[in-house]
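Please take a moment with the sequence and the coordinates before reading on. The paragraphs that follow go from the strands to the helices and then to some individual residues.

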Amino acid sequence: MESRVSSSFSVLRPARVLGVAVIAASLVLTGCLFSPAKSRASRGMELALQDDSTFLVGAKHVKREKAFAYARQLGVTRLRVNVLWAYTMPALFYDTRRKPTKIPYQFQQLDSLVNEAADHGIRIHFSLTGPAPRWARPKASINQAWYKPNTREFGKWAGIVAEHFAGRVDRYSIWNEPNWRTWLGPLKSGPALYRSLYARGYQAIKQADPRAKVLIGETSPTARGGLSTAPLDFLRKVACVNKKYKRVGHCPRLKADGYAHHPYDFRHAPNFKYPGADNVTLGTLSRLTKALDKLRKVGALRTPNGSRMPLYLTEYGYFATGHRALPRKKTLRYLQQAYSIALKNSRVKSQLQYLLVSPPTKSRQSFFNLALLSNGGKKYSTFSAMARWYSANRAKVKRPGGAIALPAAPPNPVD
């Protein structure tokens, strides 16, 4: 969402994160990663969480070890992390007009998070996204970090990331909210840009780590004039079909292991039928599954094995503070209802809570606070409500297991 984009871009600075490029905005794992005794795979819906400031950077009052303990109380088995292209390299190498001859990538912070999450039985989902380095954007985009990224260079970078984390990260998605102008611009070019970003990213990741899953989409839920394109309108253009889902043009047929979506609706109950045939909130997921089934039928977008496309709801929540916050009792009810709706939908494989710990009140991102804990670590009633929901539904969801055996991290790559 736009309110989060500008704020999350300012959350971290390269000096604070050792030059690593990840900032706040976040199943079945392949058997090769784990010993049989520790995998204990289950078929239930996965419970996921994203809070890059807490888990990657480190919140002031809630340290990462404590945050993992909170996550396990909620039944979390997956962390989503936004990996920002430009900031996986030192500033000297991303803030230049010409691509450097050699780029020393800095994945140390990500390596540390992947390993510590594994110690807690939690797996990682990397959302590979912008901003692009200055040398991978048009000259006129000096102050527009998400404007027309070079898709070929993105594909190369996606392959570098996947090769470095092969055997340790089993799921990726391509770009965050590409139907939102300040994540990928301009709007009119968004679908074509995303098609190229996705196709190149998918191919590079699969070549580097064939067992990794790659998700398409990461779309925001609704159209807003001049700011975002409705997700189904965007999807049709990415897949090169018209409103009747007939193929047009000569676009490549796409494959994906799943569709990632952010079905937010901050004002209504989760079963509310949000207006607009191309908008998709939690209460209107059937619009998305029907669209994906039509794309599968015409061969425009399908899974590698031809099965129906599963859904990964990779951001969700309600405001905890601010003028958009609902009465607390209503928020408790809505959150529990939302998770129950997702659990009953056989297409939904993952449901993610966006934010665990509230951003600092004086930070730019504080107005996008969907957290379950205060900045000082005090549990909101929403945390307790979600812990109760997990306890009541333990038999139907994936449950955290023991430590995950991962191979050692290779040296940081140089391109």
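Which residues of β1 are buried on one side, and which on the other? In this predicted model, E46, A48 and Q50 are buried on one side of β1 and L47 and L49 on the other, with the result that both faces of the strand are covered. Because five of the five residues of β1 are buried, the strand is largely enclosed by the rest of the structure.

The setting of this strand is a barrel, which eight strands close in the order β1-β2-β3-β4-β5-β7-β9-β10, with parallel pairing. From one strand to the next, the twist averages 30 degrees. Within that order, β1, which spans residues 46–50, runs parallel to β2, residues 78–84, and is joined to it by two bridges; L49, for instance, has L79 as its bridge partner in β2.

Turning to the helices, α8, which covers residues 190–208, lies across β3 (123–129), β4 (171–174) and β5 (213–219), and runs at about 160 degrees to β5. Two packed helices are described by the angle between their axes and the distance between the axes. For α7, residues 151–164, and α8, the angle is about 30 degrees and the axes are 8 Å apart; since angles under 35 degrees count as roughly parallel, α7 and α8 are therefore roughly parallel to each other. Their crossing is right-handed. The residues that meet are T151, R152, F154, G155, A158, G159, A162 and E163 in α7 and L193, S196, L197, R200, G201, A204, I205 and A208 in α8. Sorted by class, this contact of α7 with α8 has eight nonpolar, five polar and three charged residues.

Several loop residues deserve a separate look for their backbone geometry. The peptide bond from G130 to P131 is cis, with omega near 10 degrees, and P131 is found in the loop between β3 and α7. A cis peptide bond also joins G185 and P186, where omega is about -5 degrees, and P186 has its place in the loop between β4 and α8. The loop between β4 and α8 holds E177 as well, a residue that is not a glycine but has a positive phi of about 45 degrees; with a relative accessible area of 0%, E177 is buried. In L355, likewise a residue other than glycine, phi is positive and near 90 degrees. L355 lies in the loop between β10 and α12 and, at 5% relative accessibility, counts as buried.

Is G322 buried or exposed? Its relative accessibility is 57%, and G322 therefore counts as exposed. The residue lies in the loop between β9 (311–313) and α11 (328–344). Although G322 and F367 are 45 residues apart along the chain, their C-alpha atoms are separated by 6.5 Å.

Key:
Residues numbered from 1 in each chain as written. Predicted model: local features only at pLDDT ≥ 70, side-chain atom pairs only at ≥ 80, totals over all residues. Heavy atoms only, no water. Pairing = 2+ DSSP bridges. Helix = DSSP H or I, 4+ residues; strand = E, 2+ residues; numbered from the N terminus. Axes fitted to C-alpha atoms, helices over the stretch in contact; angles between N-to-C directions. Contact = heavy atoms within 4.5 Å. Parallel < 35°, antiparallel > 145°, perpendicular 65-115°, else oblique. Left-handed = near helix turned anticlockwise from the far one by under 90°. Nonpolar A, V, L, I, M, F, W, Y, C, P; charged D, E, K, R; others polar. Buried < 20%, exposed > 50% of the residue type's maximum accessible area, 1.4 Å probe, protein only.
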